[in-house]
Amino acid sequence: MMKFIAIIPARYASTRFPGKPLAMLGGRPVIQHVYEKAVKALGEAYVATDDERIYQTVTAFGGRAVMTRTDHKSGTDRIEEACEKIGTDADVIINIQGDEPFVATSQIETLKSLFDHPQTQIGTLGKRFESIEAVMNPNSPKIVADREGFALYFSRSVIPYVRGKEQQEWLCHFPYLKHLGIYAYRRDILREVTLLPQSPLELAESLEQLRWLENGYRIRVGITEVETVGIDTPEDLQRAEAFLKTIQQ
């Protein structure tokens, strides 16, 4: 049986919302919500941080945390360092962002199931877009996948182009898929991809996963019906607080 663990990268520094992992949501820090969801789904999780305040907060509520360097360029790099420090024997590492307090057990289960396919090296999630306006948003990357669910490309542009149809009709003719930024990696693949230099496609689109595709790695996409509710700004935190109240009722 494969062993899965979650590593949750969490930085204090954030241009739009400094200290967001420690922001209070429903009387608990955001990072505690994420950690508890990860432990519930996987049994084992660690927070990987470069900030002593986050480390102390996690250990204070009984969680596991590991200090990492401050100069990592991505959460993937931070996760790899954390894995080395922990010395984990897990087969697959699941990367859950520290600002996703509503990550669902079903999403994690979908990610895990992707690795039943022996060619899956990296797993991620997609969700059907519900409006053409959302498809047009460059902040919501689109996924095009093959028949077995392996990603062909990710883009901020609207792909594919539906020829001969008005743009408002495109969603009726193609199931556009929104990329959700939660990943899982086989342990050896995580080690390999963190050694890769940035690639031309990655630099063009500002999407890290294109580095992996461009270097021939196979990314399998699971489909979820659950939307993520990430927290990037103080306004997002207010919306998250309102959302929390609705699901607690």
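**A buried asparagine and its surroundings**

Tutor: Let us start with one link: the side chains of Asn95 and Tyr185 are joined by a polar contact of 3.4 Å. A polar contact is a pair of N or O atoms within 3.5 Å; within protein, one must be able to donate a hydrogen and the other to accept it, and residues adjacent in sequence count only if both atoms are side-chain atoms. Keep in mind that this is a predicted model, where local features need pLDDT of at least 70, side-chain atom pairs count only at pLDDT 80 or more, and totals for chains, interfaces and linings use all residues. Residues are numbered from 1 along each chain as its sequence is written, and side-chain values use heavy atoms, with hydrogens and water left out.

Student: Is Asn95 buried or exposed, and what is its relative accessible area?

Tutor: Buried means under 20% relative accessible area, exposed over 50%, and partly exposed in between (1.4 Å probe, protein chains only). Asn95 falls in the buried class, and its value is 2%.

Student: Which residue joins its side chain to that of Asn95 at 3.1 Å?

Tutor: Asn95 is found in strand E6; helices (H or I, at least four residues) and strands (E, at least two) are DSSP runs, numbered from the N terminus. The polar contact of 3.1 Å links the side chain of Asn95 to that of Gln97.

Student: Where do the buried residues of helix H4 lie, seen down its axis?

Tutor: Helix H4 covers residues 105-114, and its buried residues are Gln107, Ile108, Thr110, Leu111 and Leu114. Seen down the axis of H4, they fall within an arc of 155°, so they line one face of the helix. The arc is that of the directions from the helix axis to the C-beta atoms.

Student: Which elements do the buried residues of H4 pack against?

Tutor: Here contact means heavy atoms within 4.5 Å. The buried residues of H4 pack against helix H1 (30-42) and strands E6 (92-95), E7 (122-128), E10 (177-186) and E11 (219-223).

Student: Which residues does a cis peptide bond join?

Tutor: Look in the loop between strand E9 (151-155) and helix H6 (170-173), where Pro160 lies. Omega is about -5° for the cis bond, which joins Ile159 and Pro160.

Student: What is phi of Ser206 near?

Tutor: Ser206 lies in the loop between helix H8 (200-205) and helix H9 (209-214). Ser206 is exposed, with a relative accessible area of 53%. Its phi is positive in a residue other than glycine, and the value is near 60°.
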